Amino acid sequence: RRSSKRVPPGSLGIPIIGHSLHLLRAMRANTAEKWLQQRIQKYGPISKLSLFGKPTVFIYGKDANKFVFTSDTSTLSNSQTQSVRALLGDRCLLELSGQDHKGVRDAIGLFLNPESLKRYVGKMDEEVRIHIEMHWQGKQEVKALPLMKTLTFNIICTLLFGIERGARREKLVDWFQEMIEGMWSTPINFPFTRYNRSLQASAGIRKMVNDFIDEKRLKLAQKDATNPQQDLITCMLSARDENNREVITEKEIVDNVILVMTAGHDTSSILITFLIQLLANEPSVYAAILKVLSFCFAEQEEIANSKPKGELLTWEELAKMKYTWRVAQETLRMFPPIFGGFRKAVKDIEYDGYLIPEGWQIFWVTNMTHTDNTIFPEPSKFDPSRFENQVSIPPYCFIPFGGGPRMCPGYEFARIETLVTIHHLVTQFTWELLADNFFKRDPMPVPTKGLPIQIVQKPNVTS
Ligand code: HEM
């Protein structure tokens, strides 16, 4: 029986196209928040529209976030756009629910829980040092965004998947960039469309990941892998039920390798890029930031000076980088890499006096609570001290990593790679911006020119 409630106000727009082009255009012009604010003014806090071919309800605010992140699978399921599903695969975590979701998430979590991550800090540090030696030292100008993408991709390849440096890794990174570019595109599959190029890149990645799986399977059979949990692929291959049958199918391994690589490198690279932008040595432009920069520098310098030159960072030292992490959190508040996401109503839902019909999408947006001045006073001011007392921030209001059972499992991983990278950058270099700091959302926020910076290496560097 249908509820007597009515669906939220708004219009579903032109069939198929709906409001997707409006939203994508606003994101590219960096006016998506304004576009949504106009909807709120016109229709109120809950309204209907049509996005990526589906009727959708846009909701925002603390209660809306709580509803999205904590509703169980009998009410809401995860929902991706058609292009995301086609590119990442229908057995990746984003598509799974209930026990299927839990099983795969537990396997991935084996690598991403803080206990395991403690072991990775030194390796992560090595990767960052190699990267700085190859791409920063001896240079006067660099482009931060592409470099951070290379760094975070290399970290994931080495640490999580044990994929060695070389031609294959480089091919893989090219395909990833190509695939990601079409992820939020209109799914029109004709030769030369963005979506078509992404699909081709995704097929290339799939083939390569299948080859990695074959190699790791062989090593496992030869008992070469003394520690079956040494990388994520080997671990998923080793997972067995009581009858010694593989628990995770080969397709699930492929889909989730692609998901973790996508979710894990683009997001962190954007966070670090925005941190580099904020910590630029531009006192005339960023007088307020100068204080942040000097606090951050003092914290990192103290850690660098407390240890012998060349010694790798430790988990305990990362725990001391409290101020730097607050700067990163404030960066995530103002420039969340993930703009928002979708869930699907599994049944007719009554929400806030309205009916959300079964099958409709629900669109949640990070920025709307991050820039709400009742939660974060003076939201356009960059102020890391907001995070000094974490409990003062109400639950479900700071949501760069989502929340609830689907909350980003890579949170700690991202924290470690951000802190290690910023440690080396601020203790070894100063930098100035070489272009304006305008950015667009594509769909993640990216500085339009890739953030070119002029760098100066500090004398007597302690690294
Ligand atoms: C600054 C860095 C990062 C940000 C801002 C971020 C943000 C997010 C967000 C908003 C979600 C969706 C949550 C939801 O739908 O409720 C998510 C999911 C996910 N993230 Fe991250 N992420 C980051 C880094 C990482 C890293 C480093 C990894 C892996 C190494 C990772 C792996 C994943 C996975 C696998 C999911 C899907 C979880 C699920 O559906 O159960 N992320 N992330």
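This is a predicted model: local features need pLDDT of at least 70, side-chain atom pairs count only at pLDDT 80 or more; totals for chains, interfaces and linings use all residues.

Reader: How many residues of strand S8 are buried?

Author: Helices (H or I, at least four residues) and strands (E, at least two) are DSSP runs, numbered from the N terminus. A residue is buried if 20 or more other C-beta atoms, placed from the backbone, lie within 10 Å of its own, exposed if 12 or fewer, and partly exposed in between. In S8, residues 361-365, five of five are buried. Gln361, Phe363 and Val365 point one way, while Ile362 and Trp364 point the other way.

Reader: Which sense does S8 have in pairing with strand S2?

Author: Strands pair if DSSP finds at least two bridges between them. S2 (residues 54-59) pairs with S8 in the parallel sense, over three bridges, and Val57 sits opposite Ile362. Strand S5 (residues 340-345) runs antiparallel to S8, with five bridges joining them; there, Gly340 has Val365 as its bridge partner.

Reader: Why is Cys408 called partly exposed?

Author: Because Cys408 has 18 other C-beta atoms within 10 Å. Cys408 lies in the loop between helix H16 (366-370) and helix H17 (411-428). An unreviewed UniProt entry lists Cys408 under "binding site"; such annotations may be inferred rather than shown by experiment.

Notes. Residues are numbered from 1 along each chain as its sequence is written.
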